[in-house]
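Please walk me through this model in questions and answers.

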Amino acid sequence: MSLKGNIWIPRLLTGTSVIFVLLTLVLPLAVVMAEALGSGLDLYMRAVTDTYTAKALHLTLAATAAAVVLNTFFGLAAAWVVTRFSFRGKGVLSTVVDVPFAVSPVIAGLVFILTFGRLSPLHPFLEACGIKIVFAWPGIILATVFVTFPFVARELIPVLEARGTDEEQAAALMGAGFFTIFRRVTFPHIRWALLYSVILCAARAMGEFGAVSVVSGHLRGKTNTLPLHVEILYNEYRFADAFAVASILAVAAIVILAARNVVEYAAHKEEETNVR
Amino acid sequence: MYVELENINKYFKEFQAARDISFNIRQGILAALLGPSGSGKTTILRMIAGLEHPDSGDIFIDGTRVNEVEAGRRGIGFVFQNYALFRYMNVFDNIAFGLSVKKERPAAIKSRVSELLELIGMEGMEKRYPAQLSGGQKQREAFARALAPNPKLLLLDEPFAAIDAKVRRELRIWLRDMIRRLGITSIFVTHDQDEAIEVADEIIVANNGRIEQKGSPEDLYKSPATPFVASFIGESALLENYRVLKGFESETRGFSGAVRPEFVKIFTGEETIQYENSVEDAAVERIAFRGAFLEVVLNIKGMTFPTRYSLEKTPIAAGDRVRALVYRLYAFDGDRAFLLHNRNLDNSGAGNIYNI
Amino acid sequence: MKRLLPPDAASGARRPSRHFEDTGETMRRKAGSRIIPGFGVSLGITMTFISMIVLIPMSFLALQTSSLGWSGFWSAALDPRVLAGYEVSFLCSLTAALINCLFGVILAWVLTRYKFPGRRIMDGLIELPFALPTAVAGIALTAICSDKGWIGGALAPLDIKLAYTRAGIVIALTFITLPFTVRTIQPVLERLDRVYEEAGLMLGASRERVFRKIIFPEITPAILTGFGLAFARGLGEYGSVVFIAGNMPFKTEIAPLLIMSKLEQFNYGEATAVALVMLLVSSVVMFFINCVQSRASSFIKE
């Protein structure tokens, strides 16, 4: 660079960073893999293909899918209404959207127990209808949706805000309807941010532990997600099995990270070509 | 010579931003580095400042070679294009920054800052932050900040680029008068020829990483040394082959050339008899009203000549046939430009044409 | 020298008043709101979701509290074991957030300013704690830090224990909250025009002084925001901590775990009381972040 400084400072800082990242981020990943495969491939395969693992995987995927679909739908609507219109109570609305971020996952779980559990005023009604939410899979899905609730909206709002409303107004003045405007004018600007937020939402939904743990009731094979299954195996001192199941999640996390980086790179490239 | 550059070369990867640049500036001069974007003018300024380093060549300030001297120790004040005021410091702290770095006494800093605030007419605004100032105020603050440590040389990178057109003219007159009054040697970079002509004592024209010409605004306008300077400074139109014009048939320097509007005179009546052998038939292509005069575009032998026409003369309209006298033009020969006079006028008393 | 008074010295008078500008702005926006379609539908969907997922469930929390009564609330919220739990959560989150402020600045600086092999991979890895399920992180960090682990084993002869101590909690929280500080500071450094540094250097300041006086104030709001986010997340974190903490009452028992164990005993009232105290603290932290951001934006506005 043109402004030459002490050459040791960059080296020292880079070295510190690399060591810090290796210790805090890479080492845990390595340990998961080492522990998972440490007792042999046979044991690993048995743990991974176990019926309880399969059932936990099933529920995890269902909860993740529900969270992604519902929160994308909500996120688009919320981002649209908050950035395209001004109305009374807008500030309150966007604060409320963020509430799940400020709430501990354990408290999120507690909230659903209070809403649908034994003490709730709704409980007799739910019982009469034979609907079980707490300590059953609907509770798991609700808790997962709650903790990932703001992800899509939070990612889209700044993008739409920065762009302003000129293009939408122009399209509306030319007589375009809502879906035409959204599809042709707005969507092309937010697609990368949307994809990015969906990836983040999926990652968080897949790995949610605290909230799900509270509402699950720990019924093996019924209300277990993969992270809860890891906990049960670990508490039963079946460490190799626990790490084997954990490795599925770790691999999923790495895939998600890679996808995130690909999306970011693609978005960056597109932005660069658009600028020119 | 106060500032001297000798054979400076600078590459950015493959791109050569400065090609064998040499020029010098006398003490007390306000010089403009003028050129289009990509001409290398900003790179030259940044090399003088020490923000970039030449790949070869020497830079001298006040007789000392400064290539190895750090930017902050060259005794240079620098006004950045968008001012680069420190956003988290108020006006006082911004101006005082360079002084506090030098570990001046607080009392000395205070008196110097108030002196500068008075100079720039911003007394009482010490506590304001950059976000609370207008464009012109920011510019003056940046100017004061650069001046605070008493630099020997002031460099300004496009100092008026970020200011509204309305305020810009007033501000550049203000800045010129201020610099002249302080007598500090200054170089400013600009892409705006009007700005350079109005403000600078001396203009250095850069193009394509080279210095095309250095001289007073009048020199550059009247006798451009290169085709680039002829077309970049002032208004001019390019000619593909000037030798077809009457009075220039026997010239030997190149074929292409350029004319300025004031090199062409329009005649509507018979008053041109005495120049019969040098007057061309011309068609009026376009006329535009410019307030004090008409801008007329003529077509002579397939080439276009923009010129001016007084409102006081016989009215003309687009499509009219008129007669025109080209009494001077620039001929381009390779990378040199030459001012040529219409040879047919030499004997018939060229002095007269100014009286027409 | 007649023209020494600057041209727009009196520019304050020429500008329209702020009040006037604001009205113009809102009027323009209101007109816009009627042009773009979809207001009713999108507001309807948003309100429905917010009510179902956030507002109604959260209101049951308030309902439960009111049935608890003041005395019940206070005795549950201020029980000595609970107070110890707050303390553990508070101190460990604070320590982890401070560690991450330091490393957040270093990592963000290195990632934006230096080029070195593996930089892109390192950049991509920063989000790992977001993507990796907290339970997985929890058991992995426990395995590393326990007496038989790669790091814990190395430190055991020196009589330093990480797992099942507060140090372990701090390690887990540092892991979990690292992206918050890095990812809030990094974009600010990326956007920060180099020209400010050059201006400082031109005025004769050393690189150290330029960092301290010019760059640091620019990134301070981001550091504070990152600190607030990391701290708030740390207070509520459960999954990664339970494995490594050892969960000894009064020593390594965090507040979220207290809620959990009260729930396991079906003691919903006390769980709610502890939850409310934690909500209060995180609201204060969020409020603090908002204040920092609005103050910072007043400087950056051009």
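**Chains, helices and backbone**

In chain C, residues 24 or more positions apart account for 74% of the contacts with a separation of 6 or more, contact meaning heavy atoms within 4.5 Å. This is a predicted model, where local features need pLDDT of at least 70, side-chain atom pairs count only at pLDDT 80 or more, and totals for chains, interfaces and linings use all residues. Residues are numbered from 1 along each chain as its sequence is written, chains are lettered from A and ligands numbered from 1 in the order in which they are written, and side-chain values use heavy atoms, with hydrogens and water left out.

Q: Buried residues make up what percentage of chain C?
A: Buried means under 20% relative accessible area, exposed over 50%, and partly exposed in between, with a 1.4 Å probe and protein chains only. Chain C has 302 residues, and the buried share is 54%.

Q: How many helices and strands does chain C have?
A: Helices (H or I, at least four residues) and strands (E, at least two) are DSSP runs, numbered from the N terminus. On that basis chain C comes to 0 strands and 15 helices.

Q: How much area do chain A and chain C bury between them?
A: Buried area is the accessible area (1.4 Å probe) that two parts lose on being put together, summed over both. The contact takes 96 residues from chain A and 82 residues from chain C. Carbon and sulfur atoms carry 83% of the buried area, and the total is about 7,600 Å².

Q: Which three residues supply more than any other three of the area that chain A buries against chain C?
A: Their part is 8% of the area that chain A buries there. The three are F20(A), L25(A) and F85(A).

Q: Are α5(A) and α14(C) roughly parallel or roughly antiparallel?
A: Axes are lines fitted to C-alpha atoms, for helices over the stretch in contact, and angles run from 0 to 180 degrees between N-to-C directions. Angles under 35 degrees count as roughly parallel, over 145 as roughly antiparallel, 65 to 115 as roughly perpendicular and the rest as oblique. Helix α5 (residues 105-116) of chain A and helix α14 (residues 255-264) of chain C have axes 9 Å apart, at an angle of about 30°. That makes the pair roughly parallel.

Q: Which residues of α14(C) does α5(A) meet?
A: The α5(A) side consists of V106(A), I107(A) and L110(A). By class, the contact has 7 nonpolar, no polar and no charged residues, where Ala, Val, Leu, Ile, Met, Phe, Trp, Tyr, Cys and Pro count as nonpolar, Asp, Glu, Lys and Arg as charged, and the others, Gly among them, as polar. On the α14(C) side are P256(C), I259(C), M260(C) and L263(C).

Q: Are α8(A) and α10(A) roughly parallel or roughly antiparallel?
A: Helix α8 (residues 151-163) and helix α10 (residues 178-207), both of chain A, have axes that come within 8 Å and cross at roughly 155°. That makes α8(A) and α10(A) roughly antiparallel.

Q: Which elements do the buried residues of α8(A) pack against?
A: The buried residues of α8(A) are F151(A), V152(A), A153(A), L156(A), I157(A) and L160(A). They pack against α3 (51-84), α4 (90-102), α7 (137-147) and α10 of chain A.

Q: What is the phi of A84(B), and where does the residue sit?
A: Most residues other than glycine have a negative phi. A84(B) is not a glycine, yet its phi is positive, about 50°. A84(B) is buried, with a relative accessible area of 2%. Its place is the loop between β6 (76-79) and α2 (91-101) of chain B.

Q: Is K301(B) buried or partly exposed?
A: K301(B) is found in the loop between β15 (293-300) and β16 (303-310) of chain B. K301(B) has a positive phi of about 50° although it is not a glycine. With a relative accessible area of 45%, K301(B) is partly exposed.

Q: How far apart in space are E70(B) and K313(B)?
A: E70(B) is exposed, with a relative accessible area of 53%. E70(B) and K313(B) are 243 residues apart in sequence, and C-alpha to C-alpha the distance is 63 Å.
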